[in-house]
Amino acid sequence: MSKNFKNDIANVPSKLRIAIIGVTGAPGNSSAIRRSHMFAKGLVDHGHEVHLFIPYAWHLEDQNKDIGKIRVKCFYKSHTNTLSTFQRIRNLILGHITMITTIFFYCLKGHYDWILYYAGWNMESLIIGLITKLFRCQFCIQHCDLIPDSKNNGLLNRLFSIGHKLSWEWSSRLSSVIVVISGSLEKEMRRLAPRAKVVRIPILTDVKLFGSGEGAKFRSRLGLSNNIKMIAYAGSFVPAF
């Protein structure tokens, strides 16, 4: 796949049946799910059939609400003020289990050519990766970060961290295509999954332009020392819960 993603999609020789697995509530509560919708829309515009799977919805009215020609399937409502903490946790777990089961039966019927997994819970991505191998479906996963070794001394935390990292590594090995967002991730994925095609999304910010300002004058205006590290963020924040 080249950097010209629109041409890549348009040049696919035939209509594909694609499942995109989101990681958070529908339809537009976070940048992650909005990007899933944008990508799904691009695929639909080029004639492909796209189903968007989401384990839980943030609001009741969002469940199973199709977006244009994109078929959206949400399984449980969660993270609403009408639910208790127990109900939220129960629905979240049931949502993931039901989603995996549904995808299994879709793949059993040979419905999908590709399953695209958008980051998220790594044990789930490992299970879905195994399903795609079982039914000879292509699997693409996007990774957003490296999984560090846990430094917590608690036994349960250590075991969870080890399981999390092993799932992350093996789901990568099961992938046909891996999409990453940094050079360090690209290097690690090429080591873990040498047979997979690794695609790094290019940085959209002109780093040279933003790094060539007069930093000393800027710090001086803010009354900051030149000896401290400064991190700035420009973007949008959305409620997680």
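Q: Is asparagine 91 buried or exposed?
A: The term rests on relative accessible area: buried is under 20%, exposed over 50%, and partly exposed in between, with a 1.4 Å probe and protein chains only. Asparagine 91 has a relative accessible area of 5% and is therefore buried. This is a predicted model, in which local features need pLDDT of at least 70 and side-chain atom pairs count only at pLDDT 80 or more, while totals for chains, interfaces and linings use all residues. Residues are numbered from 1 along each chain as its sequence is written, and side-chain values use heavy atoms, with hydrogens and water left out.

Q: How does leucine 92 count in terms of relative accessibility?
A: Leucine 92 also lies in helix α3, which spans residues 85-108. Its relative accessibility is 27%, so leucine 92 counts as partly exposed. From C-alpha to C-alpha, leucine 92 is 7.1 Å from tyrosine 76, at a sequence separation of 16 residues.

Q: Which place does histidine 48 take, and is it buried or exposed?
A: Histidine 48 sits in the loop between α2 (31-45) and β2 (49-57). With 6% relative accessibility, histidine 48 counts as buried. Isoleucine 18, 30 residues away in sequence, is 7.3 Å from histidine 48, C-alpha to C-alpha.

Q: What is the phi of arginine 136?
A: Most residues other than glycine have a negative phi. Arginine 136 is not a glycine, yet its phi is positive, at about 55°. This residue is in the loop between α4 (122-134) and β5, and arginine 136 is exposed, with a relative accessible area of 79%.

Q: Why is strand β1 described as largely enclosed?
A: In β1 (residues 17-21), four of the five residues are buried, so the strand is largely enclosed by the rest of the structure. Two strands pair if DSSP finds at least two bridges between them. Strand β1 runs parallel to β4 (residues 114-118), and four bridges join them. Within this pair, alanine 19 is opposite isoleucine 115.

Q: Which residues of strand β6 point one way, and which the other way?
A: In β6 (residues 177-180), Val177 and Val179 face one way, Ile178 and Val180 face the other way, and all are buried.

Q: In which sense does β6 pair with β5 and with β7?
A: Strand β5 (residues 138-142) pairs with β6 in the parallel sense over three bridges, and glutamine 142 is opposite valine 179. The pairing of β6 with β7 (residues 197-200) is also in the parallel sense, over four bridges. There, valine 177 is opposite lysine 197.

Q: At what angle do the axes of helices α5 and α6 cross?
A: Axes are lines fitted to C-alpha atoms, for helices over the stretch in contact, with angles from 0 to 180 degrees between N-to-C directions. The axes of α5 (residues 155-173) and α6 (residues 183-192) come within 9 Å and cross at roughly 70°. That makes α5 roughly perpendicular to α6, a class that covers 65 to 115 degrees, whereas under 35 is roughly parallel, over 145 roughly antiparallel and the rest oblique.

Q: Which residues in α5 and α6 meet?
A: Contact means heavy atoms within 4.5 Å. From α5, Trp168, Glu169, Ser172 and Arg173 meet Leu185, Glu188, Met189 and Leu192 from α6.

Q: How many helices and strands does the protein have?
A: The secondary structure comes to eight helices and seven strands. Of its 241 residues, 37% count as buried.

Note on methods. Helices (H or I, at least four residues) and strands (E, at least two) are DSSP runs, numbered from the N terminus.
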